Amino acid sequence: MNAAVERVIAAMSFDVIVVGAGPAGIVAASLLAEQGKYVAVVEQMSVAGGQIWRNAAQRQAPKIALRWLKRFQHPRIRFLNNTRIVACDQQGALHAVHDNDEALHLRANTLIFATGARERFLPFPGWTLPGVTGAGALQVMVKDGLEVRDKSVVVAGTGPLLFAVADTLLQAGANVQAIVEQRSRWQLIRFAASLWRWPRLLVQAAGMLWRLRTVPLMRNAWVSDASGETEVKRCTVSNNQSRQTSFDCDWLACGYGLLPNQTLTSVFAAQNRNVNVKSFSLGDCTQVAGVNQAIASAERLAKHLLNNTTPANETPRYAKLLQKHFPLRAELLKLADNDTLLCRCESVTFGEVRHCHSMREAKLYHRLGMGRCQGAICTVAATTIFGWQTLSPKLPLTPAPMRALLSDSTCSTPSDHQGVMP
Ligand SMILES: Cc1cc2nc3c(=O)[nH]c(=O)nc-3n(C[C@H](O)[C@H](O)[C@H](O)COP(=O)(O)OP(=O)(O)OC[C@H]3O[C@@H](n4cnc5c(N)ncnc54)[C@H](O)[C@@H]3O)c2cc1C
């Protein structure tokens, strides 16, 4: 996007700006556009679809995804891909960076945040080896074209996402060695029994379990160690009876649940208390409750906005169910030893921060979470392990060229500034 285009977009007026083109953002934007609203949809990835519908056209995606992606091609929707919101100002404007270079400031009277969820990763010895990833992260890489045919993969962590990930990997031709779940057999059965309220989910789950019937499921178990010289080659799975099993693997995908991605919404709310901009959160960034719930909440919000009414703020039942059935067991919080890296960007070890009393102390004395990813992984891990409170996010949310953070007049002039804020 060149400076001229940037100026045009900055000058365009939108009725609504949607941040995030996952199912929630796509559905809300499409419904509003179909009813005459001009909508800008800002998405940091190159394609629309979010975590679950990305590259849907190239995969055997569900029909509902293809239907909504088609409706999303509406002439009143301006899709700004490769565009990341990095900050907001006190006048309610969103500051974005396009292609890691061009700055863009966007304004509208209604903002919808549909920024999805992020995965919780818990460190263990060997987790920084190439080939060790988040569970959802590996699934995303496969959806984006990573070749895993005939590769050995272990999927570990907790929650129904593990099965979805294993299913994607299996369909991509991977050799899934095992699904390692920290909860017990009975806890899983109790969760499955509670799914009767969501018949569509039950059918999806049954299909998935059938396809995964040959993959061993280890319960009451967790990955305690990964090893390999230059990349992961082996992992150790421990269980509640202190037994250990080893697996050879090319990929190790671990995920301990999804957490709402509320960084942007909380910054916006803190900065814009007195501004006359209506803002709403939608989908997984409110409570992680899956794609069907994301669609339903988008439909509800669009209806409210079109009828000028205020939507009710309620926690979806499925989100409560996930929280109730997949708490983390105590052993998982003790996997890291003193030499295990907690913050990969700043090379901070677990031993360095274990005696700190707060996230602030760990940050000030050891630079925990101050690297390029701004604590995307280690902050979640540290707050989970030590029970520390999360610090209020600082702007920019992710590294950005200086001019993306300056005023409108500055941002709409061509700039040769390439500096990056930490
Ligand atoms: C890694 C991962 C894998 C998952 N796999 C499955 C699965 O296999 N099966 C399943 O049923 N559910 C899965 N889920 C859950 C499912 O994706 C969600 O329930 C559903 O997609 C929610 O839709 P959403 O629109 O709320 O969020 P998302 O689909 O997550 O969409 C949010 C979008 O916002 C964008 N975004 C975030 N911050 C910014 C920003 N600052 N600027 C611009 N854009 C931004 C993101 O790039 C993303 O495209 C997964 C979730 C994750 C996190």
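In what order do the five strands of the open sheet lie, and is their pairing parallel or antiparallel? The order is 3-2-1-7-18, and the pairing is parallel. Strands are DSSP runs (E, at least two residues) and helices are H or I runs of at least four, numbered from the N terminus; two strands pair if DSSP finds at least two bridges between them.

This is a predicted model, in which local features need pLDDT of at least 70, side-chain atom pairs count only at pLDDT 80 or more, and totals for chains, interfaces and linings use all residues. Residues are numbered from 1 along each chain as its sequence is written, and side-chain values use heavy atoms, with hydrogens and water left out.

Select strand 3 (77–80) and strand 18 (278–281): these are the edge strands, each pairing on one side only. Next, select residues 14–19 and 39–42, which are strand 1 and strand 2, joined by four bridges. I17 has A40 in strand 2 as its bridge partner.

Move to the ligand. The residues around it (a heavy atom within 4 Å) number 31, and A24, E43, Q51, Q139 and D284 come nearest. Show polar contacts, which are pairs of N or O atoms within 3.5 Å. A side-chain N or O atom of E43 is 2.6 Å from a ligand oxygen. For Q139, a side-chain N or O atom is 2.5 Å from an oxygen of the ligand. At Q51, a backbone N or O atom lies 3.0 Å from a ligand oxygen.

Definitions and conventions
A polar contact is a pair of N or O atoms within 3.5 Å; within protein, one must be able to donate a hydrogen and the other to accept it, and residues adjacent in sequence count only if both atoms are side-chain atoms.
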